[in-house]
Amino acid sequence: MRICRFDDNRLGLVREDRVHDVTDALSLLPSLRWPYPQGDQLIANLEALTARIAELAPRAPGRPIAAVKLLSPVANPSKVVAAPVNYQKHFDEAKAQTEVFNQDVKTIDKLGLFLKASSSIVGSGEGVALRMEDRRNDHEVELVAVIGRKADRVPRERALDYVAGYAVGLDMTVRGSEDRSFRKSVDSYTVIGPWLITADEVPEPGALDLRITVNGELRQHSNTRLLVFDLPRLIEYASAFYTLYPGDLIMTGTPQGVGPVVAGDVMEASVEGVGVMRVSVRSA
Ligand code: MN
């Protein structure tokens, strides 16, 4: 099932190239009182919701997907976890271009993971609004896993049981010497979309082609089988240090070919079997 959030926080079921408005399913979500529980309530209640969505879909009006504004399918993750230098050839290019990457490049087992501000999240229909335009702003296409339930110290053998679904991600980055969490947390620098596809439809997340073009030119193209730390290892690694909550996003890392974008560019990012998203770039 492909689930999207669109326009004014409508909930959609995507079938072929149409969005069916199933917003009424949100009435199943519990009414909560402060302090709200950690995590995203849509994802925490996804099982009940998908059953309701399936009931509503046959009589839900459909619109062409190109006619709606796609927002991030996950609205309120407690955190965005991201993997640095998690493809060998990206490590190699970072090592070779110290003037761009401007820091001692270490391997992921030395660096650990980093966090991006959840305020940086947008959907594909919102686009990226560049800041610090005198500096290099790069695209990084990544497979994103959405955590489905509370995960505390999960061994890799059971890690995929905790994944609710997947999305395509862009870990946009201002290059420079500051900490990653700072340079990668600019508003709109975490693009999640075009929708969430439920995990049952992605049986082998460890063998997915991913790519990105900018203005039609291929920039990055690889496969998740080349991840240094694969997704189960990333979930094991992250949850060894902190509890993951429903809706938490795991950005699995980007392959070689990262490069700059400028205002006016259009990126098209895709992960095989997950989706394709077109994302425009403008000045903030
Ligand atoms: Mn990245």
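Predicted model: local features only at pLDDT ≥ 70, side-chain atom pairs only at ≥ 80, totals over all residues.
Glu-142 in strand β11 (residues 141-147) and Asp-171 in strand β12 (residues 163-171) are 29 residues apart, and the pair links distant parts of the chain. Glu-142 has a relative accessible area of 0% and is therefore buried, and Asp-171 likewise counts as buried because its relative accessibility is 0%.

The largest cavity has a volume of about 180 Å³, and its lining is made up of 19 residues, with His-90, Phe-101, Glu-140, Arg-175 and Arg-180 lying nearest its centre. Three helices, α3 (88-96), α4 (98-101) and α6 (180-183), each supply at least two residues of that lining.

On the surface, Leu-32, Trp-34 and Tyr-36 form a nonpolar patch, with about 420 Å² of accessible area together. Tyr-36 is found in the loop between β3 (18-21) and α1 (41-44), and it counts as exposed because its relative accessibility is 56%, where the cut-off for exposed is over 50%. Pro-35 lies in the loop between β3 and α1, and a cis peptide bond, with omega about 0°, joins Trp-34 and Pro-35. A cis peptide bond also joins Gly-193 and Pro-194, with omega about -10°, and Pro-194 has its place in strand β14 (residues 190-198).

Val-85, in the loop between β6 (80-82) and α3, has a positive phi of about 30° although it is not a glycine, and with a relative accessibility of 10% it counts as buried. Ser-188, placed in the loop between α6 and β14, has a phi near 80°, a positive value in a residue other than glycine, and at 7% relative accessibility Ser-188 counts as buried.

Finally, Tyr-242 sits in the loop between α7 (231-241) and β17 (249-251), where its relative accessibility of 24% makes it partly exposed. From Tyr-242 to Asp-171 the separation is 71 residues in sequence and 21 Å in space, C-alpha to C-alpha.

Definitions and conventions. Residues numbered from 1 in each chain as written. Heavy atoms only, no water. Patch = residues over 30% accessible without salt bridge, like charges linked within 9 Å, V, L, I, M, F, W, Y side chains within 5 Å. Areas by Shrake-Rupley, 256 points an atom, 1.4 Å probe, with all protein chains shown as cover. Salt bridge = Lys/Arg side-chain N within 4 Å of Asp/Glu carboxyl O. Helix = DSSP H or I, 4+ residues; strand = E, 2+ residues; numbered from the N terminus. Buried < 20%, exposed > 50% of the residue type's maximum accessible area, 1.4 Å probe, protein only. 1 Å grid on protein atoms, 1.4 Å probe; cavity = no way out; pocket = protein on both sides within 12 Å on 5 of 7 lines; lining within 4 Å. Points joined across faces, edges and corners; volume = space filled by probe spheres on them.
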